[in-house]
Amino acid sequence: MRFAVNIVIMIRNDIQAFIRSFLDHLTVERGLSAHTTSAYRRDLGRYAEFLTGQSITRPADIRPAHISAFVISLRTGSTDQPALAPASVARAVVAVRSLHRFGVQEQITVDNPATATQPPATSRRLPKALSLDEVQRLLETTDPATPLGLRDAALLELLYGTGARISELTALDVDDVSRLVAATGGAVVENTAGLRLFGKGSK
């Protein structure tokens, strides 16, 4: 019991011990992968280094202003560290928020100074369209001579021809396809009824 109490006291008075305890929690109790844990370790290592530069040695001494200053330092960079991309900054903020949430849950700290800190918004890139050659090569990967190949060819043709989402096609009723094919006799007929796809919100 005294050993456990001494461990808690050490964690409460040492940011490095605090971070090590959290990383152990991620590995042992939450079972996160080595890759994910490594990313947390890297981001929290930067955080600990920043706090040391601010003369902060105990988790309880960390204030929201310290975390805000840390985020700004990640965005702007320094002579020792280049500025990080928005996605990398967001990942670091998530790590810091998780660390302090753990601190409150384990009664290492009373307050969570990262509650109001939000990850920066990351820009969304538009999807890259396939070239005609790439589409042709994709269609040629199927074997229409087999039932599965014929199915895959039909799905790929529908994806390319309609711009539908994969989830919309997989939710398509096979009977709807059969009725359409039967109505046209398998031929391409203009002005025939098409297929109805249901997307987000049943639209």
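The model is predicted, so local features require pLDDT of at least 70 and side-chain atom pairs count only at pLDDT 80 or more, while totals for chains, interfaces and linings use all residues. Residues are numbered from 1 along each chain as its sequence is written, and side-chain values use heavy atoms, with hydrogens and water left out.

I begin with the core. A nonpolar core here is a set of buried Ala, Val, Leu, Ile, Met, Phe, Trp, Tyr and Cys residues joined through side-chain atoms within 4.5 Å; buried means under 20% relative accessible area, exposed over 50%, and partly exposed in between, with a 1.4 Å probe and protein chains only. The largest such core has 30 residues, of which Leu44 and Tyr47 touch the most other members. Two or more residues come from each of α2 (15–29), α3, α4 and α5; helices are DSSP runs of H or I with at least four residues, strands are E runs of at least two, and both are numbered from the N terminus. Beyond four places in sequence, Leu44 touches Ile19, Phe22, Leu23, Ala95, Val96 and Leu99, where contact means heavy atoms within 4.5 Å.

Next, the loop between α5 and α6 holds Thr117. Thr117 is buried at 12% relative accessible area and, neighbours within four places aside, is in contact with Ile67, Val71, Val93 and Arg97.

Finally, the backbone. Most residues other than glycine have a negative phi. Ser55, however, has a positive phi of about 65°; Ser55 lies between α3 (34–53) and α4 (64–76) and is exposed at 63%. Gln107 likewise has a positive phi, of about 60°, in the loop between α5 (86–105) and α6 (132–139), and is exposed at 58%.
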